[in-house]
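Please open the model in your viewer and keep the selection panel at hand.

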Amino acid sequence: MTAQPRSLIQCDLDFDLPGFQAGTLRVPYSHDRSAYGHIPIPIAVLNGSSGPTVLLTGGNHGDEFEGPLALMKLLQALPQKSIRGRLIVIPALNFPAFLQGKRTSPLDGCNMNRIFPGNRNGSVTEMIAHYVDSELFPLADIVIDLHAGGASFNHLPMVLASMPADSRRHDEYIRLIDAFGAPHTMLMDLLGEDRTYGAAVERHGKLFICGEFGGFGTCNVDGLALVEQGLARLLHAAGLTDAPDVPCSGPTRVLRVEGARHYLFSPERGVFEPMFKLGDRVRAGQPAGRLFDPHAPWRAPHLLRFEADGMVVCIRSFTGVEPGDCIALSASDASWS
Ligand SMILES: [Zn+2]
């Protein structure tokens with residue numbers, strides 16, 4: 001078998017050197033205004049004594065800001081810290097999207113979280129995904145990717161958990177989730193989607209923790225505080241740091257998305273009047289909202305109903321909807337087992 005050619009992205013850091021280094025991933029990008037140019041994506045590493053490697057990423061989607069801000073703030077303090085193990089930090093993974101505050105890249109239209117494992121010879125976003133999948137995931141023991149609802153959603157701040165396939169690691173995984181200490185931890189169901197960053201991490205057999213910490217394409221201050229404090233507690237629990245100077249957390253409440261019945265999709269074009277709020281407890285059959293026809297506003301609106309009991313964890317920002325748009329997501333109370 002011939003070896004796979006390595007990524008075309010170059011990194012000016014040596015992940016094996018001790019101490020703190022900051023630099024960039026250089027994504028080759030030759031275009032009309034820059035024939036030999038590249039896109040420099042900020043990355044940093046802090047390498048201590050022996051211990052686990054934790055990869056922290058934000059800005060997988062460029063319109064989600066709690067993760068990038070928490071990681072930028074972490075980078076302010078990191079050069080003065082000493083740790084056990086290794087921390088690799090990329091505050092804004094889809095950097096071109098992040099600079100424009102957009103979910104998808106302005107360069108190729110790609111959604112980073114729907115193109116894994118990426119493509120060495122592909123577009124800019126595909127190349128970044130391929131680099132992460134082929135170069136960074138193999139280095140990591142624990143991977144944490146920080147999200148939010150972005151421009152089109154508002155999301156209750158919470159951790160999204162994916163139990164490792166290896167059941168012998170469940171206790172270790174739950175200990176990390178408990179240490180993070182989000183008020184809610186949700187077992188997500190992406191309806192078979194396997195092109196995500198998280199699915200790729202799991203194919204590498206590494207522990208993966210994700211989270212949604214706000215939305216509306218802005219920074220939720222409570223979500224930001226949760227990310228900062230949760231990460232501090234988690235890095236301590238993972239053995240990298242001494243006990244942090246942050247409040248202890250209460251127990252997390254486990255929720256589970258159970259298939260399409262927990263999603264509320266729009267069946268047609270219209271203007272949606274919600275009849276619920278984020279965080280509401282709803283019942284199957286309960287009216288969720290009215291969908292008005294803007295071209296025939298005298299026509300009776302289409303009444304949409306929730307299909308399952310649960311708590312609403314995510315609500316669409318935009319009132320105008322098209323067929324297939326997700327208007328809300330809810331989740332049931334659950335347990336780890
Ligand atoms: Zn996201």
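Begin by colouring the chain by domain: domain 1 comprises 10-256 and domain 2 comprises 263-333, the bounds being taken from an automatic or database domain assignment. The model is a predicted one, in which local features need pLDDT of at least 70 and side-chain atom pairs count only at pLDDT 80 or more, whereas totals for chains, interfaces and linings use all residues. Residues are numbered from 1 along each chain as its sequence is written, and side-chain values use heavy atoms, with hydrogens and water left out.

**The domain interface**

Display both domains together. Their C-alpha centres lie 31 Å apart, and 18 residues of domain 1 are in contact with 18 residues of domain 2 (contact means heavy atoms within 4.5 Å). Between them the two domains bury about 1400 Å², 65% of it on carbon and sulfur atoms; buried area is the accessible area, with a 1.4 Å probe, that two parts lose on being put together, summed over both. Now select F153, L156 and L255, which supply 32% of the area that domain 1 buries against domain 2, more than any other three residues.

Are H61 and E64 buried or exposed? H61 is buried, at a relative accessible area of 2%, and E64 is buried as well, at 3%. Buried means under 20% relative accessible area, exposed over 50%, and partly exposed in between (1.4 Å probe, protein chains only).

**Strand β2**

Move to Q21, which lies in strand β2 (residues 19-28). Helices (H or I, at least four residues) and strands (E, at least two) are DSSP runs, numbered from the N terminus. Q21 is buried, with a relative accessible area of 15%. Not counting residues up to four places away in sequence, Q21 touches L13, D14, I43, A44 and V45.

Select E202 in helix α5 (residues 197-203). E202 is partly exposed, at 38% relative accessibility. Leaving aside neighbours within four places in sequence, E202 is in contact with S162 and F208.

In helix α6 (residues 221-237), select G230, which is buried at 0% relative accessibility.

**Backbone features in loops**

A cis peptide bond, with omega of about 10°, joins F116 and P117; P117 is in the loop between α2 (95-99) and α3 (124-136).

L191, although not a glycine, has a positive phi of about 55°. L191 is placed in the loop between β9 (184-187) and α5 and is partly exposed at 41%.

Finally, select F216, in the loop between β10 (207-212) and α6. Phi of F216 is positive, near 65°, in a residue other than glycine, and F216 is partly exposed at 47% relative accessibility.
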